[in-house]
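Me: I would like to learn how to read some features of a protein model. Please take them one at a time.

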Amino acid sequence: MGSVPGAGKGRGCGRGAGGVQALGCMPWKLSKQKEVGLEGGVEAESGSSPPLSPPPPPPIYHEKQRRELCALHALNNVFQDGAAFSRDTLQDIFQRLSPSTLVMPHKKSMLGNGNYDVNVIMAALQTRGFEAVWWDKRRDVSSIALPNVTGFILNVPSNLCWGPLRLPLKRQHWIGVREVGDVYYNLDSKLRCPHAIGPPDELRKFLRHQLRGKNCELLLVVTAEVEIQQTWRSDTS
């Protein structure tokens, strides 16, 4: 299930994970101008124009958490398209993956309830001409060439809930992050609405903070061409 916040909600429902809050623009008033009238050459003073309204924020697609389908939600949120992938698509990929193709031990999801691992995510991206680049946490995120990266998928520990109750247990959880309208957003499916992270500098702070945590991994979602040419790195020579 996805949602597109209305214009009244602005860019997210609060402060972003990077501590950035969207600021409104000061209206720009056009100065009064002297212009010559068309009849009789009489000079007339035009009235001041009304203040320019800031453009409305772009719509943001945000899927909410269902069952254990966080991998599906993260993929669709990164692509900003609820039809990019479906549960059936991911389940078919899971069923056809053989042990010889796995990057890491494959978690069982025989009932189609979700909890898909990185192998399913990587294979799903390849069906759309994209690749997942596993980020080496020994490197600083300043070397990521952000303009060449479509989005980010993080695997982070998350509290396990039973209905409204939050259990003292943690489980790995996939979240999507991407840029919409020059602002990066945390599109975690467990959030009530997208959280604005901010511009590129704030995104890098957000990623550094996440990667300092225990059991956190980062995938860069890039086109196949970018992956082949390694242009997701700003330090390539």
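Reply: We will go through the annotated positions and then the nonpolar cores. This is a predicted model, where local features need pLDDT of at least 70, side-chain atom pairs count only at pLDDT 80 or more, and totals for chains, interfaces and linings use all residues. Residues are numbered from 1 along each chain as its sequence is written, and side-chain values use heavy atoms, leaving out hydrogens and water.

Me: Where does UniProt place the feature "active site"?

Reply: UniProt positions are given in the numbering used here, with shortened feature names, and annotations may be inferred rather than shown by experiment. The unreviewed entry puts this feature at Cys70, His173 and Asp188. They are spread over 119 residues of sequence but cluster in space, with a largest C-alpha distance of 9.1 Å.

Me: Is His173 buried or exposed?

Reply: Buried means under 20% relative accessible area, exposed over 50%, and partly exposed in between (1.4 Å probe, protein chains only). His173 has 3% relative accessibility, so it counts as buried. Asp188 is buried too, at 13%.

Me: With which side chain does the side chain of Asp188 make a polar contact?

Reply: A polar contact is a pair of N or O atoms within 3.5 Å; within protein, one must be able to donate a hydrogen and the other to accept it, and residues adjacent in sequence count only if both atoms are side-chain atoms. Here the partner is the side chain of His173, at 2.7 Å.

Me: Which residues touch the most other members of the largest nonpolar core?

Reply: Such a core is a set of buried Ala, Val, Leu, Ile, Met, Phe, Trp, Tyr and Cys residues joined through side-chain atoms within 4.5 Å. Among the 27 residues of the largest one, they are Leu75, Phe85, Leu90, Ile121, Leu125, Ile153 and Trp174.
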